[in-house]
Amino acid sequence: MKLFVATAFISLLAVPAFAEGDIAKGEKAFKKCKACHSVIDASGEAIVKGGKTGPNLWGLPGRAAGSAEGFKYGKDIVAAGEGGLVWNEESFTAFVTDPKAYLREATGNGKAKSKMSFKLKKGGEDIYAFLASVSPAPVAEETEEAAEEPASN
């Protein structure tokens, strides 16, 4: 578990400014996701209108798993987030490929469950790129950029 937390922390620091996937393909592929998920920005504007069965995916890149405001998550994804799971392209793509198996590995709980029953066979990196393109910069990047700016006296 400690290795998982360390890996998750390091991967957060390595979140790229732009995801490797194809944004246009991801926007098209997101149609599979919008039955359960929407993308609603902080001002309440719908970038993609969708279902409410799953959490709003605006701001997902760089966010701890199971932590979006206003959504009641299952205990296992909350535990994964509390254990250091932060959404980046690699973790998102692995999760959407097989949510239950991913949470079982991430939490070390062989009985972990996921409310997300859909499995995406391919294109997770494209959907992540789309979500990153419509979301604010991850917190880790903002912190790194602030640290690089010279202090004003």
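The side chains of Asp98 and Lys119 meet in a salt bridge, at 3.7 Å from N to O. By salt bridge I mean a side-chain nitrogen of Lys or Arg within 4 Å of a carboxyl oxygen of Asp or Glu. A search of the whole structure finds one such bridge. Asp98 lies in the loop between α4 and α5 and Lys119 in the loop between α5 and α6, so the pair ties together parts that are 21 residues apart in sequence. Asp98 is partly exposed, with a relative accessible area of 25%, and Lys119 is partly exposed as well, at 47%. Here buried means under 20% relative accessible area, exposed over 50%, and partly exposed in between, with a 1.4 Å probe and protein chains only. Helices (H or I, at least four residues) and strands (E, at least two) are DSSP runs, numbered from the N terminus.

A word on the source. This is a predicted model, in which local features need pLDDT of at least 70 and side-chain atom pairs count only at pLDDT 80 or more, while totals for chains, interfaces and linings use all residues. Residues are numbered from 1 along each chain as its sequence is written, and side-chain values use heavy atoms, with hydrogens and water left out.

Glu89 is buried yet has no salt bridge, and Lys25, the nearest side chain of opposite charge, is 12 Å away. In this count Lys and Arg are positive and Asp and Glu negative; His and the chain ends are not counted. What does the side chain of Glu89 reach? It reaches the backbone nitrogen of Glu20, at 3.0 Å.

Next, the nonpolar core. The term denotes a set of buried Ala, Val, Leu, Ile, Met, Phe, Trp, Tyr and Cys residues joined through side-chain atoms within 4.5 Å. The largest such core has 27 residues, of which Phe30, Trp87, Phe92, Ile127 and Leu131 touch the most other members. Helices α3 (75–82), α4 (89–97), α5 (99–107) and α6 (124–134) each supply at least two residues of this core. The largest share, five residues, comes from α6.

Helix α6 is mostly covered, with eight of its eleven residues buried. Among them are Ile127, Tyr128, Phe130 and Leu131. The buried residues of α6 pack against α2, β1, β2 (46–48) and α4, where contact means heavy atoms within 4.5 Å.

How many aromatic pairs does a search of the whole structure find? The search finds five. Rings of Phe, Tyr and Trp (its six-membered ring) pair if their centres lie within 6.5 Å; planes under 30 degrees apart count as stacked, over 60 as edge-to-face and the rest as tilted. The rings of Phe30 and Phe130 have centres 5.7 Å apart and planes at 50 degrees, so this pair is tilted. Phe30 lies in the loop between α2 (23–29) and β1 (39–40) and Phe130 in helix α6, so the pair ties together parts that are 100 residues apart in sequence. Both residues, Phe30 and Phe130, are buried.

Trp87, Phe95 and Tyr102 form one aromatic cluster. Leaving aside its neighbours within four places in sequence, Trp87 is in contact with several residues, including Leu60, Gly66, Ile77, Phe92 and Tyr128.

Finally, Gly66 is found in the loop between β2 and α3 and, at 16% relative accessibility, counts as buried. The C-alpha atoms of Gly66 and Gly81 are separated by 5.8 Å, and these residues are 15 apart along the chain.

Technical notes
A polar contact is a pair of N or O atoms within 3.5 Å; within protein, one must be able to donate a hydrogen and the other to accept it, and residues adjacent in sequence count only if both atoms are side-chain atoms.
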